[in-house]
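Thank you for making time this morning.

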Amino acid sequence: MRLGRHKTLGSIFGAIAISVSWGAAAAETPEDIVATTRAAVTTARLTPRDTGSRYGQALGAVELCTGAKVTGKASALPVLYTGTELDEFNAQQKKIYDAWIRVKHCVREDDPNQCKVIVDESCAAALTEIGPKGTAFPGLLEFSRP
């Protein structure tokens with residue numbers, strides 16, 4: 001990843017997430033994580049837009065969901081792409097992440113509980129779709145409950 005060339009929010013979050021997750025993933029080297037993630041993306045025939053969506057979902061879930069943490073697999077996603085594919089990935093992940101942030105700042109004066117319901121349902125969907133046994137792209141998030 002070239003941070004000097006691609007100073008998008010996604011690239012910055014990706015660099016932070018990679019450095020944090022790789023420090024914690026002692027069992028696999030960063031190269032192994034990238035290789036296994038690349039293989040999973042290829043096998044599932046996911047586009048940069050698809051993976052950008054799931055990466056944005058993972059980053060957003062970390063912001064809202066108690067105990068949510070991106071995995072090394074999620075952190076490896078931004079380094080899979082270059083050029084226009086990276087631009088497509090970053091644009092989509094930013095769009096999805098921004099939607100999560102809007103949910104985080106939800107204010108409904110007429111029914112404040114509605115915001116909690118939206119957060120709870122979003123977190124449940126993230127666990128179902130990209131959690132350890134996810135239906136869309138498993139293993140991008142892990143959850144630890146206090």
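Let me begin at D120, which at 41% relative accessibility counts as partly exposed; buried here means under 20% relative accessible area, exposed means over 50%, and partly exposed is what lies in between, with a 1.4 Å probe and protein chains only. This is a predicted model, in which local features need pLDDT of at least 70 and side-chain atom pairs count only at pLDDT 80 or more, while totals for chains, interfaces and linings use all residues. Residues are numbered from 1 along each chain as its sequence is written, and side-chain values use heavy atoms, with hydrogens and water left out.

D120 forms a salt bridge with K116, and the closest N and O atoms of that pair are 2.8 Å apart; the term stands for a side-chain nitrogen of Lys or Arg within 4 Å of a carboxyl oxygen of Asp or Glu. The two residues lie in helix α6, four residues apart, about one turn of the helix, where helices (H or I, at least four residues) and strands (E, at least two) are DSSP runs numbered from the N terminus.

The axes of α3 (residues 48-64) and α6 (residues 113-130) come within 10 Å and cross at roughly 130 degrees, the axes being lines fitted to C-alpha atoms, for helices over the stretch in contact, and the angles running from 0 to 180 degrees between N-to-C directions. The two helices are therefore oblique to each other, given that angles under 35 degrees count as roughly parallel, over 145 as roughly antiparallel, 65 to 115 as roughly perpendicular, and the rest as oblique. Their crossing is left-handed, that is, the near helix is turned anticlockwise from the far one by less than a right angle, clockwise being right-handed.

As for the residues involved, R54, Q57, A58, A61 and L64 in α3 meet V119, C123, A125, A126, E129 and I130 in α6, contact meaning heavy atoms within 4.5 Å. By class, this contact has eight nonpolar, one polar and two charged residues; Ala, Val, Leu, Ile, Met, Phe, Trp, Tyr, Cys and Pro count as nonpolar, Asp, Glu, Lys and Arg as charged, and the others, Gly among them, as polar.

The pairing of α3 with α5 has its own geometry: the axes come within 7 Å and cross at roughly 30 degrees, which makes α3 roughly parallel to α5. This crossing is right-handed, and the residues of the contact divide into eleven nonpolar, eight polar and six charged.

Two single residues deserve a look. L127, in helix α6, is partly exposed at 37% relative accessibility and, leaving aside its neighbours within four places in sequence, is in contact with P132, G134 and F143. R45, in the loop between α2 (30-44) and α3, has a positive phi of about 55 degrees although it is not a glycine, and R45 is exposed, with a relative accessible area of 74%. For context, most residues other than glycine have a negative phi.

Let me finish with the chain as a whole, which has six helices and two strands, running α-α-α-β-α-α-α-β from the N terminus on. Of its 146 residues, 38% count as buried, and residues 24 or more positions apart account for 70% of the contacts with a separation of 6 or more.
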